[in-house]
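Please open the structure in your viewer and keep the sequence beside it. The stops below concern charged side chains and their partners.

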Amino acid sequence: IFQNQSLWFKQVEASFKISRVTEETTKYFYLISNLPTTLLTKYEHLLDSETELPYTTLKEAILAGFELSRTISLTDLMRDDCLGDRSPSEALQHITGQIQRIDTSMDPFNSPISRELFMRLLPRSVQDILLSMPSTDLRKLAVTADRIMISKHQSVKAIEHKDCNNQEVRDKTRTIMELQEEINAIRQQLN
C-alpha cells in the first residue's frame, strides 16, 4: 500500500504542521479520511476504541504491522538457499529487488543483508574466491561469480566429453538411457 510507511507519515505530519493541526483527535480524523480502505479494514478494531491518543495509537499500529510484514518478507527471502537455474547475477537481481520492495529506504546493493543472502546462494568454492577479492561492489562480485560458474560448467563439460571417449562410459550411458526409456514406458502404461 505504501512504498515507505515512515516517510508517508512524515509527509502527513508535515501537512499537520503546515495546517497547524495539533490536536490528536483532529490528526486521527484526517488520518482515517486519507487511509486506503484495506488498511482501515485491517485496523478497524482501533477506529472505535476510546483512547486519549487515537492518532498515535493508530499510527503505531500501522507502522508495527508493516514492520512485522517486512520481517516476514525478509525471513522468506532468507529461506532461499540455492541458485537453482539462476545465474549469480540473476540471483542478485532477485535479492535486491525483494529488498527494495521490502524497504525502499535501503540501498540494496550496499546492504549487508543483500551481501549475506547473495553469498549464501553460491557454492562454497565460489564464495571462497569472491571473499579473497578486494572488490566489495555486489554487482562486480556477481559478474565475477557468473564467470566462475561458467568456467566451472565448461570444465565439467570438458571432463564429461573427455570421458565419453572411454568405451566403458559409453556403454554405461547407453544402458542408463535404455533403462530410462523402459521407466518412461512403464509410466505411460500406469497412466
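Select Arg124 and Asp128 to begin: their side chains meet in a salt bridge at 3.5 Å, N to O, where a salt bridge is a side-chain nitrogen of Lys or Arg within 4 Å of a carboxyl oxygen of Asp or Glu. The model is predicted, so local features need pLDDT of at least 70 and side-chain atom pairs count only at pLDDT 80 or more, while totals for chains, interfaces and linings use all residues. Residues are numbered from 1 along each chain as its sequence is written, and side-chain values use heavy atoms, with hydrogens and water left out.

Arg124 and Asp128 are four residues apart in helix α8 (residues 124-131), which separates them by about one helical turn; helices are DSSP runs of H or I with at least four residues, numbered from the N terminus. Arg124 is exposed at 53% relative accessible area, whereas Asp128 is partly exposed at 40% (buried is under 20%, exposed over 50%, partly exposed in between, with a 1.4 Å probe and protein chains only).

Next, select Glu13 and Lys59, whose side chains form a salt bridge at 2.7 Å, N to O. Glu13 lies in helix α1 (residues 5-18) and Lys59 in helix α5 (residues 54-79), so the pair ties together parts that are 46 residues apart in sequence. The count of salt bridges comes to two.

Finally, select Asp146 in helix α9 (residues 138-163). Asp146 is buried yet has no salt bridge, and the nearest side chain of opposite charge, Arg147, is 7.8 Å away (Lys and Arg count as positive, Asp and Glu as negative; His and the chain ends are not counted). Leaving aside neighbours within four places in sequence, Asp146 is in contact (heavy atoms within 4.5 Å) with Ser87, Pro88 and Ser89.

How values were computed: Helix = DSSP H or I, 4+ residues; strand = E, 2+ residues; numbered from the N terminus.
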